[in-house]
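Subject: Structure handover

Hi,

Here is the structure I promised to pass on. Please open it alongside this note, as my findings follow below.

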Amino acid sequence: MGDSRVSARTWVLLGVALVVVMLAVFGLAGKSTPTSRVARALPSERLAGADVTLASLRGHPALVTFWASWCEPCKEEAPALERFSRGLHGNGVLVGVNWGDTSVSAARAFIKRYGWSFPNLRDPEQTVGHELGVRVLPTTFLIDGEGRVRETLRGPQSEQSLQRALASVGG
């Protein structure tokens, strides 16, 4: 009888531990968190595409997505990001931010592999990502034309979820 209690308790503890690990690794995947705070800066190091700053985005809604070359969910999301960016037609801007990759060549190879045509910056020390509240990858921030973070999308997104987010700020 004592063994069955220990066994049941062990299973409960393992289940709780699994949930904690999944939340730590994947966060609230796919969940959207409404916010309204001013974004302070984007990383200054350019990986690919045009130079982008928050000042250059003023007046246009933007989606800023944080990713890494080693991130499996980022690989899952990558084709949808490119399709979404090609369909923007001036209604908004998509900016990628490589977050914490130690290898610039791995980050550039990722961009090339998925044929990304949108601007990509690099946050090697994870400074900007931490300031914005990145906890899991990928994470996408919806920034309105006035530079306010309006929504946080955690986990891989589809074209449709990105379009809905952009539409919510008039993009």
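C71 and C74 form a disulfide, with their sulfur atoms 2.5 Å apart. Keep in mind that this is a predicted model. The structure holds one disulfide, and the torsion about its S-S bond is 80 degrees, which makes the link of C71 and C74 right-handed. Are the two cysteines buried or exposed? C71 is buried because its relative accessibility is 4%, under the 20% limit. C74 is buried too, at 2%.

Next, helix α3. This helix covers residues 72–86. C74 belongs to the buried set in α3, which also includes P73, E77, A78 and A80. Further along the helix, L81, E82, F84 and S85 are buried as well. The helix is not straight: α3 bends by about 35 degrees at A78. A proline, P79, follows within four residues of that point.

An α-helix has 3.6 residues a turn, so residues three or four places apart point the same way. E72 counts as exposed because its relative accessible area is 51%, just past the cut-off of over 50%. K75 is partly exposed, at 24%.

How many salt bridges does the whole structure contain? The search finds nine. Side chains of opposite charge can pair when their charged atoms come close. One joins R148 to D144, with the closest N and O atoms 2.8 Å apart. Another brings the side chains of R148 and E146 together at 2.5 Å, N to O. Through shared partners, salt bridges link D144, E146, R148 and R150 into one network. R148 is partly exposed, with a relative accessible area of 25%. D144, in contrast, is buried, at 7%.

S168 is found in the segment after α6 (159–167). What does its side chain approach? A polar atom of the S168 side chain lies 2.5 Å from the backbone oxygen of A165. Neighbours within four places in sequence aside, S168 is in contact with L142 and E151.

Last, a look at strand β4. This strand spans residues 93–99 and contains N98. N98 is buried because its relative accessibility is 0%, and buried means under 20%. Which residues does N98 contact beyond its neighbours within four places in sequence? L47 is one of them, and W67, A68 and S69 are also on the list. A107 is there too, along with L121, R122 and D123.

That covers my notes. Please send back any questions.

Best wishes

Note on methods:
Residues numbered from 1 in each chain as written. Predicted model: local features only at pLDDT ≥ 70, side-chain atom pairs only at ≥ 80, totals over all residues. Heavy atoms only, no water. Salt bridge = Lys/Arg side-chain N within 4 Å of Asp/Glu carboxyl O. Helix = DSSP H or I, 4+ residues; strand = E, 2+ residues; numbered from the N terminus. Buried < 20%, exposed > 50% of the residue type's maximum accessible area, 1.4 Å probe, protein only. Contact = heavy atoms within 4.5 Å. Disulfide = S-S within 2.5 Å. Polar contact = N/O pair within 3.5 Å; in protein donor to acceptor, adjacent residues only side chain to side chain. Bend = angle between axes of the 7 residues up to and from the residue.
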